[in-house]
Amino acid sequence: MEFKEYPDREMLALSLADQIASQLAQQLRTGDAASLCVPGGTSPTLVFETLSGADIDWSRVTVFLGDERWVDGDHKRSNGRLLRRHLLRDRAAVANYIDLYTGAATPDEAAPGLAEAIRPHLPISVVLLGMGNDMHTASLFPGADRLAEGLAADAPLVLPIRAEGAEEPRVTLTRPALADAMNVHVLIMGPEKREALERAQKLDPIQAPIRAFLDNATVHWAE
């Protein structure tokens with residue numbers, strides 16, 4: 001794991017967006033297409049807004065979330081709603097977007113089709129992960145009903161999952177897809193998350209799911 005500390009959140013966002021854009025551009029120089037998997041939540045908003053203006057061929061980039069709450073795309077808790085507002089705009093507006101919320105009645109119904117849609121874009125060129133204070137990442141929460149399955153080496157690509165405290169049912173990409181990405185970044189901010197990261201390094205992934213992704217990750221932190 002590489003740990004990068006920044007003097008402030010703005011500098012973090014500018015630097016991280018530049019690194020992601022450079023890695024996508026490198027992939028586009030050597031291949032026909034690139035893929036970018038990103039987290040929900042508000043922490044990456046400034047990274048998204050900076051990245052959306054990056055001068056790369058976004059028409060050859062496929063973007064999708066690492067997880068999604070099972071709510072309509074216009075719902076205030078929809079990760080897709082945040083993504084459309086902050087990343088899929090400016091130059092990035094022409095990117096191909098795979099929406100994890102399909103409108104199916106449950107994420108269980110949607111998971112097989114989502115896996116088929118995402119599989120052609122593996123290995124993922126760049127994954128950006130977030131982390132909660134409980135050390136969850138994507139929707140791989142400690143205590144979630146299918147966490148062990150989601151962390152397994154033979155996990156399905158996309159998994160419906162439910163966890164106490166997570167409110168809605170969710171759909172999440174699993175360990176093999178996320179951990180096998182060509183470039184893995186973890187974005188955390190604030191002292192509580194730095195302390196949680198330090199704890200996670202000493203725990204098993206079933207207790208601290210972020211631990212499953214740290215070995216090959218670059219962690220970006222600012223106060």
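**View 1. Helix 7 against the sheet of the predicted model.** Helix 7 (residues 191–200) lies across strand 1, strand 9 (184–189) and strand 10 (217–222), and runs at about 130° to strand 9. Helices (H or I, at least four residues) and strands (E, at least two) are DSSP runs numbered from the N terminus, while angles, from 0 to 180 degrees, are taken between N-to-C directions of axes fitted to C-alpha atoms, for helices over the stretch in contact; contact means heavy atoms within 4.5 Å. This is a predicted model, in which local features need pLDDT of at least 70 and side-chain atom pairs count only at pLDDT 80 or more, whereas totals for chains, interfaces and linings use all residues. Residues are numbered from 1 along each chain as its sequence is written, and side-chain values use heavy atoms, with hydrogens and water left out.

View 2. Seven strands in the order 1-10-9-6-2-3-5 form an open sheet with parallel pairing, two strands being paired if DSSP finds at least two bridges between them. Strand 1 (2–6) and strand 5 (96–98) stand at the edges with a single partner strand each, so one side of each is left without a neighbour in the sheet.

**View 3. Buried and exposed residues of helix 4 (residues 107–118).** Pro-107, Ala-110, Ala-111, Leu-114, Ala-115 and Ile-118 are buried, that is, under 20% relative accessible area, against over 50% for exposed and partly exposed in between (1.4 Å probe, protein chains only). The face turned away from the buried side of helix 4 carries the exposed residues Glu-109, Pro-112 and Glu-116. The buried residues of helix 4 pack against strand 3, strand 5, strand 7 (158–161) and strand 8 (170–173).

**View 4. Helix 3 over the sheet.** Helix 3 (residues 79–86) lies across strand 2, strand 3 (61–65) and strand 5, and its direction is at about 140° to strand 3.
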